[in-house]
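Subject: Structure handover

Hello,

Please read them with the model open.

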Amino acid sequence: MDLADIARRFGTPAYVVDEDAVRARCREYLAALPSMTVAYAGKAFLTQAMATWVAEEGLSLDVCSGGELTLARSVGFPASRIIFHGNAKTPAELREAVGVGRIVIDNIAEIHRLAALVPLGLRQDVYLRVTPGVEAGGHAAIRTGSERQKFGIPPAELPDAVARVLSQPELRLAGLHCHIGSQITSVAPFETAARIMVDQLAMVQERFATTLPELDLGGGHGVAYLDDEHGLDLGHFGASVPKVVAERCRELRVPEPRLVVEPGRAIVAAAGVTLYRVISVKRQGGRTFVAVDGGMSDNPRPALYGARYSVSVPGRSGEPVTIVGRHCEAGDVLAEDVPAGDARPGDLVVVRVTGAYHHAMGSSYNLTCRPPVVAVRGGAARLIVRREEPADLMRRDVGR
């Protein structure tokens, strides 16, 4: 489709998501991992449309807040296919989550709190999240598998947690869970984590005479943001990780669990682009700054993680420039060394691979209105999230 036409119709900044690409990626995961449960990690990008696409393609859904759960339920997402996460679930969130397919318990105190909320006669399936001591990911802020992070239960405390769950008739321990990080492009860390987690399954079997039927290895599957990068090889992952689990299970005489994975970024990132307009071009200090009508409020990742993107100004070339945002922060830089020295105000700017953690992490910093989300499919574009307006910002401000 003509991105310039989309920009004229819907304005800028705007997120654009290719529905066909999202659906195709869902099918690729199911085809590559036929023996696994694939749960889309909604934190990457979640709208009513996205939840509907995921449901229709047969994936499960991983949510990590009451808001994400409410959205999933608003489109009738099957409760049995919802996994509820969170390292600090509020009592209200736990109450709302009772009845979903799996609740991931992140700390020992949560066990009794959840059990007290399960209605009489019902039983809630749960996972225990374990910190396997494996660190992986593209940045320190997104490495989640070590005991130095806030997530999960250390292996030394896992026996106590298992005993507590098994003592609660309102809970059923369906399996163990881990998540080692995000933007991981090598299969090796997943193999290491899988072996460690099978060891924990064996511990549970030996000490508690309980066989756990499921093992959730989390997500964090990396993608290529730049032309010279590569993402996680899905085929390699699908061939290797189940084999590693099977071999370790045979060694320890543990029945093979059903594996669960939770890709988010890998499903939606490459399906999205963000469109901006150039507002000004300024040359000073030996650099050329091309300022656009968005920035860190719609893409905070460069400021948070030093994330890099492939950015183009269609029809422009020449000396390298720095693409900067409109916010009152020196760190509001979207990209360096973009070949667009002849850029002019009004030009379209296209940032690729922005389907994940852009809309989801967007803010109204500087009281800047958040962009719309436009879905394209089969040569047609439609609005699935409208642009935020000043009236939306004022609606929450209840006055003096």
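A polar contact here is a pair of N or O atoms within 3.5 Å; within protein, one must be able to donate a hydrogen and the other to accept it, and residues adjacent in sequence count only if both atoms are side-chain atoms. At the start of H2, a side-chain oxygen of Asp18 comes to within 3.0 Å of the backbone nitrogen of Asp20.

This is a predicted model, in which local features need pLDDT of at least 70 and side-chain atom pairs pLDDT 80 or more, while totals for chains, interfaces and linings use all residues. Residues are numbered from 1 along each chain as its sequence is written, and side-chain values use heavy atoms, leaving out hydrogens and water. Helices (H or I, at least four residues) and strands (E, at least two) are DSSP runs, numbered from the N terminus.

Helix H2 covers residues 19–32. Its buried residues (under 20% relative accessible area, 1.4 Å probe, protein chains only; exposed is over 50%, partly exposed in between) are Glu19, Val22, Arg23, Arg25, Cys26 and Tyr29. Seen down the axis, they fall within an arc of 160° (taken from the directions from the helix axis to the C-beta atoms), so they line one face of H2.

In helix H1 (residues 3–10), Ile6, Ala7 and Phe10 are buried. They cover an arc of only 100° around the axis, which puts them on the same side of H1. Arg8 and Arg9, on the other side of H1, are exposed. The buried residues of H1 pack (contact: heavy atoms within 4.5 Å) against several strands, including E1 (14–18) and E10 (272–284).

Regards

Key. Expected span 1.5 Å × (residues − 1).
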